[in-house]
Structures are given as C-alpha cells and as structure tokens.
Amino acid sequence: MGKPLLQINNLKTSFRIGDEFYAAVDDVSLTVNENEVVAIVGESGCGKSALALSIMGLHHELNTKLEGEILFQNKNLLSLSTNELNNIRGKDMGMIFQDPLTALNPLMRIGDQIEETMKNHYNLSKEEMKKRTLELLNKVGIPNPERTYMQYPHELSGGMRQRVVIAIAIACEPKLLIADEPTTALDVTIQAQILDLMRELQNQMKTGIILITHDLGVVAEMADRVAVMYAGEIVEIADVFTLFNNPLHPYTRSLFNSVPSAADGDRLHVIQGIVPSLKKLPRTGCRFSERIPWIKKEAHEENPKLREVEKNHWVRCTCYQHFDFPKDAEDLHYDIS
Amino acid sequence: MTFLRVENLKVYYPVRGGFFRRVIDHVKAVDDITLDLQPGETYGLVGESGCGKTTTGRTIIGLNKATAGKIIFNDIDLTRLKRRQFHKYRKDIQMIFQDPYSSLNPKKRVIDIIAEPIRNFEKLSPKEERRKVQDLMEKVGLSPDSIFKYPHEFSGGQRQRIGIARALTVNPKIIIADEPVSALDVSVQAQVLNFMKDIQKEYNLTYLFISHDLGIVRHMSDRIGIMYKGRLVEEGTKENIFNQPKHIYTKRLLAAIPDVNPEKRDEHLLMRKEVNEEFERNYEKYFDAEGKIFDLKKISDTHSVALP
Amino acid sequence: MLKFIVRRLLIMIPQLLLLSIIIFLLAKAMPGDALTGQMVANPNLDPETMEELREKLGLNDPWHEQYIRWIGNLLQGDFGISYVHNVKISDLLGNRMANTFLLGLLTLIFAYLIAIPLGIIAGRYPDSWMDKLIVGYNFVSYAIPLFVFALLMLFLFGYTLNWFPTGGSVDVQVERGTWDWYLSKLHHLILPSISAALLSTVGTIQYLRSEIIDTKLKDFVKTAKAKGTPERKVYTRHIFRNSLLPVAAFLGYDIVFILGGSIFIEQIFNYPGLGQLFVSSISQRDFSVVNILVMLFGFLSILGTLLSDIILSIVDPRIRID
C-alpha cells in the first residue's frame with residue numbers, strides 16, 4: 001500500500017432546505033492511499049454521492065456548507081478558491097459520472113470534449129493534443145479512434161460513451177479518480193467491460209480510486225478497502241476480505257442479507273422502515289437504531305464513534321455485539337404508516 | 001389445455017426511408033420466440049437492454065401489436081380477438097411496471113388508482129369498492145387509512161406495492177412484471193420481491209418476470225429464458241441455466257455478473273476472460289452466417305438451446 | 001437535407017390548396033362582392049351596368065368555376081387585379097412586400113438584440129436584482145397591448161420629442177436610390193420596429209432564462225467543471241449553447257408572429273406595408289387582394305415552420321433530417 005493520497009478529516013456537507021442547513025455527510029473521516037481502490041457503499045440518500053461531489057467541489061456554492069478538511073497534496077481543498085481548485089480538478093483528480101447518456105455535452109464532438117481537459121491544464125499544440133486524444137481513445141478501448149474523435153455523443157452506445165467519460169477523467173493522468181456509480185446505468189456485459197478497463201488503467205497508472213456504488217458484487221470485484229455509509233455516517237470500514245467474511249455492523253449485515261445473490265436462503269432480509277429523509281435524520285445516538293427496534297436501547301452507545309474492533313476493521317456503535325436477525329420476520333407489516 | 005403460450009411471436013417495427021418514406025426494412029424487436037407458462041410458476045425472461053424482453057411482455061398484454069404469431073391463453077388466440085372481445089381476457093393478465101415514479105398518475109388519489117381496474121371490469125357500489133381497495137392496501141402492507149393520499153406521499157417501495165395492488169384488484173391469473181425492482185434500493189427490492197413471492201402463493205399467480213438482473217431472476221424464477229437480439233438463446237430450469245449453461249451468450253452473461261466473494265475475484269476474472277475469448281473464437285458455432293441465432297433445440301426435458 | 005426540404009415543400013401543396021379553398025369560400029360567404037366597394041365609391045353606377053359587369057367578370061358563375069379560374073391564374077403568377085385600386089395586385093404588393101419584410105427583419109434583429117442578453121443575465125444570476133428587474137419588464141411587456149404601447153411610443157418619440165417621423169416609409173422629398181433615401185427609410189423604420197421588438201421579447205427571455213437555469217444542473221456541466229474548466233468557459237462553451245437551442249428553434253415561428261404583429265404596427269405608424277394593405281382591403285371589401293394576402297401569410301407561416309426545422313437540424317447534431 002502506498003502513501004496517503006487523500007485525507008478527509010471530519011467532513012460535514014450540509015444542504016440548505018428552506019432556511020436551514022442539514023448535514024448529508026456528517027463527520028466523515030477517510031484516507032485513500034496511492035494505488036488503492038476504496039469503495040463507498042450505501043443506499044440512495046446515505047450521502048455517498050454528496051461525499052464525492054464535496055471532494056471535487058461540485059456542489060452549488062450558495063446552498064451547500066462544507067466543514068472539516070479534505071487534504072490532497074498537502075492542500076486543504078475546502079479552503080481553495082475556485083481558480084486554485086480548477087488547477088487541480090481534471091489534472092490531479094478526475095471524476096467518472098454515473099450516467100454516460102447525460103454526462104457528455106450533446107453539442108460537442110467527442111474529440112473536443114476530451115481535449116478540453118488538456119486545454120485547461122497543458123499548453124499543447126493542436127496536433128499534439130489530437131495525437132494524445134487518439135491515444136486515449138485507443139487506451140479506453142474505442143475501436144475506431146479517428147472516427148469517434150469527430151463523432152457526437154448520441155452517435156455512440158452507452159458503453160462507448162462511458163469509455164469516453166473515462167477518457168476525459170484520465171486525460172491528464174490524475175492521481176485520484178472518483179467514480180460515482182460508474183456502471184449502474186449499464187448492462188451487465190458492458191459493466192464487466194468497464195470494470196475490466198478501470199482495473200487495467202489502475203494497474204498501469206497506479207491511481208487511487210474512490211468507487212461509489214450500491215452494488216456489493218462490484219465492490220467484491222474491485223475494492224481494496226470498503227466503507228459502508230448509512231445516514232451520512234461511515235458505519236463500518238475494513239479491507240474487502242474482512243468486510244465480506246466478517247461484516248459486523250447491523251446495517252452492513254442487513255445489506256448483505258437483502259441482496260439475492262449474497263443472501264442465504266429463500267427469503268431476503270428486509271430492513272424495516274425507510275431511509276429517513278435529510279430533514280428527519282436522527283442526529284444523536286445510533287442512527288440505525290430505529291430500523292432495528294428489536295435491539296434493546298442499552299445495546300447502543302449514546303454517542304457512537306467508530307472503533308477499531310480488530311486490526312484495520314472499524315465499526316460504529318456497540319450494538320453490533322448484540323445484533324441478530326429476528327427469527328421470522330413479518331417484514332411487510334412494519335411500515336403501515 | 002394450454003395456459004399461456006406464446007407461439008412464434010414476431011414484433012417488427014418498420015424502418016422508413018427514401019423520398020416517399022416507404023418501408024425499406026424492419027427492426028426485429030422480437031423475432032420468432034415461443035414460450036409456455038405453466039399455472040403457478042415464475043418464468044424469468046432475461047436479457048440486456050434492447051433484446052426484446054420488454055416488447056414481448058407488452059405484446060402479451062396487448063400494448064404492442066404482434067406482427068405474426070399467436071398468444072394463446074386458455075386455448076384462445078388473443079391476437080385474433082377484436083378489441084372488445086380482448087377486453088374480457090385483459091383482466092386475467094395484468095402488468096407491473098418498472099418505474100414506480102412514473103407509472104402512477106400523480107394527480108390521482110391512491111383509491112382511484114387501485115380502483116381503476118375494478119371500475120373497468122366490475123360494477124361495485126362506492127362502498128364495496130372502498131372496502132375492496134382497503135383490503136388490498138392491507139394485503140400489500142400499507143395502511144388502509146391512506147387511500148386518500150397521493151402517490152408522492154409514498155416511498156418508492158410503497159409505490160411499487162400500490163402498483164401491485166392495482167394489478168391484483170381484478171384477481172388476475174398472470175402478472176407480467178417488467179423490471180419491477182430495478183428502480184429501487186437493495187433493501188427495498190428485498191421487500192418487494194418477498195412480497196411478490198407471498199402473494200404468488202396466496203393467489204396462485206403465474207409470473208412472467210422480466211429483468212436484466214440475473215441474481216434477482218435466479219432468486220425468483222422456476223424457469224428462465226435468455227433473450228438476445230430478439231430471440232431466445234437458451235431456456236431451462238433455474239438449475240439448467242445456472243449450472244449447465246450451454247449457449248455461449250448465456251455463459252457470457254453469467255460470467256459478467258460480479259461474484260460477491262472477493263476471494264474468488266481472480267478466478268472469476270479469469271473465467272470471464274476465457275468465456276469472452278470463446279465468444280470471439282467460436283462465434284460461427286453459435287450464430288449462423290448472417291449472425292442470426294439458431295432455433296431452439298431440446299437437449300433434455302427441460303432444457304433447450306439455440307444450436308445448429 | 002435537400003430531399004427533406006423538397007418533400008416538405010411538396011407537402012405544402014395540398015396544405016395551401018386547402019387553405020385557398022377555405023379562403024375563397026369565406027370570401028364568397030361575406031356580404032357584397034368586389035363591385036359593392038366600387039358602388040360605394042361611385043354612387044352614380046346604375047344597377048344594370050353593375051349586373052353587366054358582374055356577368056363579364058364571371059362573378060355570377062358557380063363558385064367552383066370561379067375558384068378554378070382564380071387558382072389557375074394564381075398558379076401562372078397572375079394574382080388578378082384589385083377592384084378598388086384598379087391596378088394589378090402584383091404591382092400593389094411589390095413595394096409593400098419589401099417594406100414589410102424590412103420592418104419584420106429589423107423587428108426580429110432588435111428583439112433578439114434585447115432578449116438574448118437579458119435572458120442570459122436573468123438565467124445566470126437568478127433571483128438577483130437584475131433578474132427581478134428583467135422579469136418585471138417581462139410582465140409589463142406581456143401585459144401591455146401592442147396598439148396601446150405603439151401609440152404611446154408614437155406620441156412620445158414621434159410627436160412630443162419629434163425624433164422620428166410619424167408615418168410613411170420614406171421621406172417623399174428625397175430622391176430614390178440615393179444614400180439619403182436609404183437613411184430616410186431606416187429612420188422611418190426604427191420607431192415601429194423598436195416598438196414591436198420591445199413587446200415580442202417575452203418568450204425568448206423566459207425560455208432562455210429557464211433553459212439556462214435547467215442546463216446549469218445538467219450532468220455534462222458537472223463533467224465540464226470536473227475537468228477544471230473556468231466558470232466563464234463553462235457558461236460560454238457548455239451552458240449557453242445548449243440553452244440557445246430552443247430559442248433557435250423558435251426563430252421560424254417568430255417570423256410568423258412578427259408578420260402577424262405588423263398588421264397593428266403598420267396601421268398605427270401609417271406604414272405602407274402588407275399589414276396596412278390587409279386592413280384597408282378588408283374594410284373596402286377588396287376580396288381579390290384579401291385572398292392573395294391570406295394566401296401569402298399562410299405560405300409564409302408554413303415556410304416559417306420549415307425554417308425552424310432546418311435551423312434546428314443545423315444547430316443540433318442530434319437532429320438529422322433526410
């Protein structure tokens with residue numbers, strides 16, 4: 001494992017709803033090392049995408065409040081001006097977005113969209129830029145770079161477009177890549193191709209990757225380390241083998257048991273209740289407690305912190321020690337509202 | 001008696017071109033597929049986007065027109081029926097749609113959404129209707145008091161259950177579920193899938209379960225058909241498909257699903273690579289000269305593969 | 001592209017034929033005919049002479065015979081004669097067509113010159129004081145009827161301040177074709193075109209504003225920012241171009257809209273164009289002229305929609321016409 005590349009300390013990202021700010025990412029600390037793939041797993045609304053956008057500084061300035069520190073190359077990204085941030089974005093860190101159908105400008109040729117990244121950071125001649133772009137297109141596995149260079153996004157399939165999105169992100173060989181659900185919108189065979197490509201590029205370029213996903217299969221295939229997020233907090237973090245062999249936090253275990261391919265048995269586990277909305281998020285105590293009501297109150301910590309329960313395996317709250325799945329879950333009748 | 005049989009179904013869309021916009025070619029969305037559904041079973045129809053699985057489902061309930069072929073339900077060919085006659089059978093086959101956010105009319109109250117099929121097919125007094133809707137709401141695990149709410153007041157999983165309640169109102173025999181959980185989070189998916197299994201037992205329902213997610217299809221289905229480019233490449237029991245896949249496309253699809261065991265990561269990647277190489281190498285073995293998929297051939301009582 | 005245009009032009013033929021029949025029948029259904037107007041102008045005409053004239057002009061034939069004669073002439077480029085002015089309609093139209101075209105063009109240019117910057121400002125800084133001011137202007141310009149506003153402008157800048165002429169299309173004392181003559185034409189055009197332009201910006205401004213606000217949230221804008229593209233370039237290169245698409249698509253329709261508006265404007269500013277001719281022809285029951293004008297307006301509006309489609313296919317690579 002390499003040196004620390006990105007260090008997030010006590011990050012809190014709050015969004016404005018009406019006149020109030022509500023934290024979508026709450027006190028998150030995370031380190032990403034060089035040449036390491038860190039997966040962030042959770043369901044929609046857990047704050048994983050908000051975390052990614054916070055690192056890239058892509059949130060709406062007026063409606064977002066960012067607190068804490070994001071240290072990258074000895075600079076705190078949160079204290080940089082937009083201009084200073086623009087010198088880093090695209091050059092030292094790149095982002096891969098979820099939906100390749102909307103992530104590209106429909107009115108710009110593919111070549112121009114890739115070259116824009118280089119134009120922002122390098123001073124290259126036209127010919128050199130084109131040469132590099134064609135190399136990039138070749139590198140991300142586009143069969144006919146010369147032709148694609150002149151094409152518009154709508155002329156390419158979803159998988160090809162996602163390759164272009166990746167080419168844009170790696171155009172300046174960044175040290176950190178943030179991939180926000182990079183394969184969710186794609187078919188399985190295309191997903192496999194894109195994951196293969198990302199792995200290959202990572203081996204070549206030794207990039208650190210933050211992989212945001214809800215798909216445990218993708219995590220198992222790609223990640224070195226995994227952080228599980230629930231309601232804005234990291235509830236468990238460990239290396240991928242430990243987490244899959246010995247998941248501890250009740251949320252992690254519930255998540256595993258609700259996925260058909262990972263669950264054992266005929267019935268899938270259903271997590272009771274619903275993910276609370278940003279406004280209704282519990283701010284004190286164990287945030288998952290209301291979804292496991294059969295666990296006694298005393299089992300939870302009053303002020304749950306991440307604790308190292310074995311080497312490099314961190315779990316929030318003590319309730320994991322007392323957690324077990326209910327015997328015969330009458331899952332349906334819990335959410336009669 | 002045949003329960004539901006789709007026989008040599010073809011759904012073609014015309015491609016127009018030239019100066020007078022004449023039909024110059026066809027897009028063969030569904031190109032000659034045959035499948036049989038037995039009462040009470042779940043048939044999983046799997047494939048990637050554009051393979052024709054959704055078109056097949058929509059054609060069975062009459063949302064698309066069949067270009068050729070038969071859809072036989074209880075010994076009657078539905079494609080031959082006039083609109084009015086078809087209406088009679090329409091209530092026996094219901095559909096659950098993919099997106100719980102757009103498939104419920106946002107301007108209607110839940111009671112009106114769920115009661116709509118009743119109003120189309122049965123005549124009930126407002127009081128009876130209300131009782132029936134409330135019963136159904138309870139059945140799908142929603143509060144009977146919330147029948148006057150609007151769809152936006154429910155979560156995604158709850159909405160999908162409203163969609164299911166709507167399909168259940170007229171006591172259908174077959175439910176066509178088109179990617180019913182793709183838009184939902186995993187834990188909510190689990191809730192809807194469990195629930196679909198429960199009501200299947202209770203009402204002796206037959207499912208045509210359309211999905212791109214092999215994990216979910218494996219969990220739900222008794223038999224599975226794999227579709228590719230508008231045709232079936234392989235059909236068999238769950239065990240046939242997952243344990244003895246014969247067609248290279250099925251193998252490729254299976255290999256593409258990430259393994260949830262990180263320790264088998266390298267093994268799995270190697271296997272995927274081998275399958276993909278075989279796909280390239282032995283293409284002619286599985287597809288004819290024009291790249292078309294062969295007709296299905298039986299290789300055992302339950303298992304058919306499209307091989308020459 | 002060429003194929004598309006030819007096909008669309010061919011589709012126009014039945015559309016225009018249908019339009020011509022409707023117009024013709026409507027004109028016939030109106031009380032009075034071409035000669036009624038003449039009788040008003042010359043009370044000494046006796047009814048018998050009128051009847052002879054009617055017979056001679058074929059006005060007593062069944063309608064379809066008259067129609068076929070009319071449309072046949074029309075196809076050969078013979079628009080007929082105006083019974084009121086007693087001149088060939090083509091002569092009547094010539095100058096006025098140029099006048100109306102100039103007026104329309106200038107109105108369009110002014111309208112876009114005003115609307116696009118305002119729309120961009122409002123969309124880029126929504127809820128700022130500038131945006132509020134612009135939205136306020138939108139409400140006012142939408143609420144004021146054109147004829148009230150035009151009269152106000154005429155009174156203020158024409159009569160009170162005396163900056164612009166109050167009628168006509170050119171100063172009669174200036175020799176035709178000289179530099180001064182062109183200047184005088186422009187001088188006559190400015191007030192009516194600005195008046196019309198100021199009131200036809202609503203759609204463009206609102207569209208542009210909401211498009212920009214929407215586009216800002218699009219994923220590809222995030223992609224652009226993630227590349228490290230400076231804010232200013234994110235706007236010029238990504239947001240504005242995409243937001244201008246629907247505006248460009250409306251250009252063709254705008255042409256029709258402005259033609260329609262010319263009827264009021266020309267009447268109020270006493271500007272000798274097609275609109276003014278249209279109004280006066282109706283009041284004088286000069287049906288042969290009215291018919292031709294309606295046909296012309298119909299033709300132009302169909303042409304406008306065609307133009308919109310062509311423009312859109314040029315600016316948006318996703319739309320391919322063949």
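These legends accompany close-up views of a predicted model.

**View 1. The two domains of chain A.**
Let's start with the overall layout of this chain. Chain A is divided into domain 1, made of residues 1–92 and 175–337, and domain 2, made of residues 107–171. The centres of the two domains, taken over C-alpha atoms, are separated by 31 Å. Where they touch, domain 1 of chain A contributes 16 residues and domain 2 of chain A contributes twelve residues.

**View 2. An open sheet of four strands in chain A.**
Follow the strands across this view in the order S2-S1-S4-S5 of chain A, and you have an open sheet with antiparallel pairing. Strands S2 and S5 (75–76) of chain A stand at the edges with a single partner strand each, so one side of each has no neighbour in the sheet. Further in, strand S1 (residues 4–17) of chain A runs antiparallel to S4(A), and eight bridges join these two strands. A handy pair to pick out is A:Asn9 and its bridge partner in S4(A), A:Glu69. As background, strands of a sheet pair through backbone hydrogen bonds, either parallel or antiparallel.

**View 3. Strand S10 of chain A and its two partners.**
How many of the seven residues of strand S10 (residues 233–239) of chain A are buried? Six of them are, so the strand is largely enclosed by the rest of the structure. One partner is strand S9 (residues 225–230) of chain A, which pairs with S10(A) in the antiparallel sense over six bridges. Within this pairing, A:Ala227 has A:Ile237 of S10(A) as its bridge partner. The hairpin of S9(A) and S10(A) has two residues between the strands, and A:Ala231 takes a positive phi near 50 degrees in this hairpin. S10(A) also pairs with strand S12 (residues 313–316) of chain A, again in the antiparallel sense, over two bridges. Here you can look for A:Glu236, whose bridge partner in S12(A) is A:Val315.

Eight of the nine residues of helix H10 (residues 250–258) of chain A are buried, so the helix is largely enclosed by the rest of the structure. Among the buried residues of H10(A) are A:Tyr251, A:Leu255, A:Phe256 and A:Asn257.

**View 4. Two residues of chain A with positive phi.**
Most residues other than glycine have a negative phi. A:Asn35 has a positive value, with phi near 60 degrees, and is found in the loop between strands S2 (20–33) and S3 of chain A. Is A:Asn35 buried or partly exposed? With a relative accessible area of 34%, A:Asn35 is partly exposed. A:Cys317 also has a positive phi, near 75 degrees. A:Cys317 lies in the segment after S12 of chain A and is buried, with a relative accessible area of 2%.

**View 5. The second largest pocket, lined by chains A and C.**
The second largest pocket holds about 1,200 Å³ of space. It is lined by 37 residues, and those closest to its centre are A:His59, A:His60, A:Glu61, A:Leu62 and C:Lys225. At least two lining residues come from each of helix H1 (48–56), strand S4 (64–72) and helix H2 (82–88) of chain A, and from each of helix H9 (202–216), helix H10 (219–226) and helix H11 (231–268) of chain C. H1(A) gives the largest share, five residues. By class, this lining has 19 nonpolar, eight polar and ten charged residues.

**View 6. The largest cavity.**
The structure holds six cavities of 30 Å³ or more, and the largest has a volume of about 60 Å³. Residues that line the largest cavity include A:Met93, A:Phe97, A:Thr117, A:Ile168, C:Thr223 and C:Lys227. Strand S6 (93–96) and helix H6 (158–170) of chain A, together with H10 of chain C, each give two or more residues to this lining. By class, the lining of the largest cavity has seven nonpolar, four polar and one charged residues.

Note on methods
Residues are numbered from 1 along each chain as its sequence is written. Chains are lettered from A and ligands numbered from 1 in the order in which they are written. This is a predicted model: local features need pLDDT of at least 70, side-chain atom pairs count only at pLDDT 80 or more; totals for chains, interfaces and linings use all residues. Side-chain values use heavy atoms; hydrogens and water are left out. On a 1 Å grid over the protein atoms alone, a cavity is a set of points where a 1.4 Å probe fits but cannot get out, and a pocket is an open set with protein on both sides within 12 Å along at least five of seven lines; lining residues have an atom within 4 Å of a point. Grid points are joined across faces, edges and corners, and a volume is the space filled by probe spheres set on the points. Ala, Val, Leu, Ile, Met, Phe, Trp, Tyr, Cys and Pro count as nonpolar, Asp, Glu, Lys and Arg as charged, and the others, Gly among them, as polar. Buried means under 20% relative accessible area, exposed over 50%, partly exposed in between (1.4 Å probe, protein chains only). Two strands pair if DSSP finds at least two bridges between them. Domain bounds come from an automatic or database domain assignment. Contact means heavy atoms within 4.5 Å.
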